[in-house]
Amino acid sequence: MSDGHWSQGAGATDAGPRPRNEDSFLSAGPVHLVADGMGGHAGGAAASAAAIEAFRPLSQRDTLTPDDVAAAMTAAHADVLEVGRRVGAESGTTLTGAFAVEHEGQPWWMVVNVGDSRTYQLDGTEVRQITVDHSHVQQLVDAGRITAEEATYHPDRHIITRALGDGVDAFDAWLVPVVPASWLVIASDGLTGVVSASLIGSVAGLSDSPEDAAERLVEAALRHGTGDNVTVVVAHAPTTETPDHAVAEPWPLWPEGDDDTQSAAVRGPQE
Ligand code: MN
């Protein structure tokens with residue numbers, strides 16, 4: 001549990017049927033993240049662990065800004081590249097999650113994503129996927145060639161188009177208003193590949209704490225026969241709220257995002 005900060009969270013993980021767990025997570029202070037590593041031998045586990053460790057210093061801070069997060073993303077990218085050099089194999093990792101940040105003096109969730117792990121927002125029974133997968137099947141969906149349902153079963157569903165460690169120092173980010181009753185569910189594809197968004201909402205809805213929700217969701221993935229490592233972090237802000245008058249602008253960090261007043265997708269300076 002992350003105590004003492006306005007955001008609270010907890011995580012759970014299981015190797016599933018795999019011989020080792022290459023996922024990593026961190027839920028402490030204002031930082032709530034999941035990383036799903038890939039690469040031969042120990043490369044995947046080392047990549048996801050290196051990405052997460054780059055955010056450990058931020059987890060001990062009381063206040064974070066979007067710029068702090070962006071700087072840590074660059075450090076994480078460099079650290080994962082270094083893992084590849086050290087193990088002598090291609091390795092990389094997804095990374096997604098939420099940071100409790102202060103922007104223009106107001107509290108916000110800053111949601112980030114690279115790869116195909118996902119961050120969802122739960123409002124009661126309503127489930128919304130905030131992140132957009134960087135994956136081959138997402139590109140097919142965007143092009144109108146397959147449906148989101150078909151993507152779930154597509155033989156190439158595991159091919160991702162972006163990862164930390166791929167040499168492109170860029171990430172997607174959104175500023176999401178903090179709502180006390182709303183929970184964020186952050187998960188690797190070991191969950192999202194076998195448990196639908198609506199079922200994620202139902203299972204989390206049965207839970208009385210982030211810790212309980214994370215454990216129930218990992219169990220649900222195992223029960224639904226996941227073939228992969230499963231990791232889930234659940235975060236919320238029980239006593240904090242983004243005021244109605246607060247706006248996410250000036251945002252994004254870089255000018256290319258398609259934005260509205262409450263959230264924006266941004267990409268790093270190199271894309
Ligand atoms: Mn996975």
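Let's start with the metal: a manganese ion is held by D36 (OD), D189 (OD) and D228 (OD), at 2.1 to 2.2 Å. Keep in mind that this is a predicted model.

**The manganese site**
- Along the chain, the donors of the manganese ion follow the spacing D-x152-D-x38-D.
- D189 sits in helix α6 (residues 189-192), while D228 is in the loop between α8 (210-223) and β11 (230-236), so this pair ties together parts that are 39 residues apart in sequence.
- D189 has 14% relative accessibility, and because the cut-off for buried is under 20%, D189 counts as buried.
- D228 counts as buried too, with its relative accessibility at 12%.

- Q8 belongs to strand β1, which covers residues 8-14.
- Is Q8 buried or exposed? Q8 is buried, at a relative accessible area of 15%.
- The side chain of Q8 reaches the backbone oxygen of H5, with 3.1 Å given for that contact.

- Most residues other than glycine have a negative phi.
- E104 is not a glycine, yet its phi is positive, at about 55 degrees.
- Where does E104 lie? You'll find E104 in the loop between β5 (95-103) and β6 (106-114).
- E104 has a relative accessible area of 57%, so it is exposed, the cut-off being over 50%.

Conventions. Residues are numbered from 1 along each chain as its sequence is written. This is a predicted model: local features need pLDDT of at least 70, side-chain atom pairs count only at pLDDT 80 or more; totals for chains, interfaces and linings use all residues. Side-chain values use heavy atoms; hydrogens and water are left out. Helices (H or I, at least four residues) and strands (E, at least two) are DSSP runs, numbered from the N terminus. Buried means under 20% relative accessible area, exposed over 50%, partly exposed in between (1.4 Å probe, protein chains only). A polar contact is a pair of N or O atoms within 3.5 Å; within protein, one must be able to donate a hydrogen and the other to accept it, and residues adjacent in sequence count only if both atoms are side-chain atoms. Donors are N, O and S atoms within 2.8 Å of the metal (3.2 Å for Na, K and Ca); water is not among the atoms, so sites may look incomplete.
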